[in-house]
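Dear colleague,

Please find below the structure that I am handing over to you. My notes on what was found in it follow directly after.

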Amino acid sequence: MKTFKTLFILLCVCCFGIHANAMGIKDAGEGKYELTEGDLVMVVDAAHGAKILSFTYKGAEVISQSRWPESFGSTFWTSPQVEWNWPPVPEYDKQPYTVEQADDRLILTSQVSEKLKFRIRKEFASNPKKKCFVITYTIINEDKQERKVAPWEITRVTNDEGLIFFDAKVEGITPAGVLDFKASDKAVWYRTDVTNENRKINADGKGWLAFCGNGLLLVKKFDDLNPSQPAPKEAEIQVYVNRGKSYIELESQGAYQSLQPGESLSMTVRWMMTAVDTTPQPSKKLLKTVKKMLK
């Protein structure tokens with residue numbers, strides 16, 4: 001009897017422990033869902049393109065709250081862009097996604113694009129040990145013929161005295177001189193600035209991209225690609241700076257692949273964030289913090 005009671009208590013402790021570490025999912029109404037992992041809170045709008053509208057650490061926001069048409073929050077597109085140009089594909093970026101909640105995951109699925117014949121699925125989960133959110137994007141070929149495609153995540157942050165950095169070579173950033181990247185401490189660094197023109201760069205990184213601003217350090221981890229893997233005229237890492245002091249896009253892409261009818265490909269991005277007490281400037285300390293988060 002004593003052994004049975006001990007086993008029962010251990011099972012109860014394990015169950016409560018698992019529950020305590022599970023990602024919190026709250027229906028916030030009007031198609032919005034609030035996801036919680038420790039001090040991190042993410043708000044996703046299933047009713048409008050399954051966009052991430054907010055990402056906070058202890059209440060401090062990193063996502064741009066600008067409401068420029070078509071250009072707010074964090075979204076997901078198919079690459080290359082030349083296949084759809086602009087505006088973004090409505091089934092992916094604007095229209096409602098179906099919602100499924102299972103095993104402490106939130107799964108949102110788009111309609112099939114009438115033009116591209118792909119369906120998008122976004123699965124939101126968390127990793128309590130790493131204290132981060134884990135987002136898996138899946139592209140499904142619903143066409144009757146083979147299609148080639150690559151996954152593409154786009155996250156808008158504020159253009160307000162921030163710092164963007166990643167592991168790459170300055171001479172490999174194209175077009176050269178568009179954004180003023182400096183190299184130091186095995187990373188390239190761009191202090192955000194303002195001009196009256198839109199600017200964008202492409203780079204071959206090492207599977208991570210960081211942004212420091214508003215007392216926060218946002219780090220995103222994804223698969224490291226070799227230069228031959230991105231879609232034509234695209235790249236593993238892209239940074240887009242909108243004209244004026246409006247918003248900046250942090251972009252990462254996965255490998256360009258062929259999909260037979262019914263086949264799919266996936267891209268997983270780990271979202272991590274913490275508070276920092278340093279000003280947004282290149283430093284070994286900041287890079288050391290990123291490396292620690294990436295482990």
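**Charge, overall form and selected residues**

The protein chain carries 40 positive and 37 negative side chains, and the centres of these two sets are 6 Å apart. Lys and Arg are counted as positive and Asp and Glu as negative, while His and the chain ends are left out of the count. Each charge is placed at NZ of Lys, CZ of Arg, CG of Asp or CD of Glu.

Please note that this is a predicted model, in which local features need pLDDT of at least 70 and side-chain atom pairs count only at pLDDT 80 or more, whereas totals for chains, interfaces and linings use all residues. Residues are numbered from 1 along each chain as its sequence is written, and side-chain values use heavy atoms, with hydrogens and water left out.

**The chain as a whole**

The protein chain contains 3 helices and 21 strands; these are DSSP runs numbered from the N terminus, with helices being H or I of at least four residues and strands E of at least two. Along the principal axes, the C-alpha atoms of the protein chain fill a box of roughly 75 × 50 × 35 Å.

Of the 295 residues, 49% count as buried; buried means under 20% relative accessible area, exposed means over 50%, and partly exposed lies in between, with a 1.4 Å probe and protein chains only. The protein chain exposes about 14400 Å², and carbon and sulfur atoms supply 52% of that area. Accessible areas come from the Shrake-Rupley method with a 1.4 Å probe, and for residues only the protein chains shown count as cover. Among contacts in the protein chain with a separation of 6 or more, 64% are accounted for by residues 24 or more positions apart; contact means heavy atoms within 4.5 Å.

The peptide bond from Ser 79 to Pro 80 is cis, with omega near 10°. Pro 80 is placed in the loop between β6 (74–79) and α2 (90–93), and Ser 79 belongs to strand β6. Is Ser 79 buried or exposed? Ser 79 is buried, with a relative accessible area of 1%. The side chain of Ser 79 makes a polar contact with the side chain of Gln 253 at 2.7 Å. A polar contact is a pair of N or O atoms within 3.5 Å; within protein, one must be able to donate a hydrogen and the other to accept it, and residues adjacent in sequence count only if both atoms are side-chain atoms. Leaving out residues up to four places away in sequence, Ser 79 touches Val 149, Ala 150, Trp 152, Ala 231, Glu 234, Gln 253 and Tyr 256.

A cis peptide bond also runs from Thr 174 to Pro 175, with omega near -10°. Pro 175 is in the loop between β12 (163–166) and β13 (181–184).

**Thr 192**

Thr 192 lies in the loop between β14 (187–191) and β15 (199–203), and this residue is buried at 13% relative accessible area. The side chain of Thr 192 reaches the backbone nitrogen of Gly 162 at 2.8 Å and that of Glu 161 at 3.4 Å. Beyond residues up to four places away in sequence, Thr 192 touches partners including Asn 159, Leu 163 and Ile 248.

Although Asp 104 is not a glycine, it has a positive phi of about 60°. Asp 104 sits in the loop between β7 (98–102) and β8 (105–109) and is partly exposed, with a relative accessible area of 42%. Lys 131, likewise not a glycine, has a positive phi of about 55°. Lys 131 is in the loop between β9 (118–127) and β10 (132–141) and counts as exposed at 62% relative accessibility.

Ala 203, in strand β15, counts as buried at 4% relative accessibility. Ala 203 and Asn 141 are 62 residues apart in sequence and 28 Å apart in space, C-alpha to C-alpha. Gln 101, in strand β7, counts as exposed at 54% relative accessibility. Gln 101 and Ile 25 are 76 residues apart in sequence and 8.6 Å apart in space, C-alpha to C-alpha.

With kind regards
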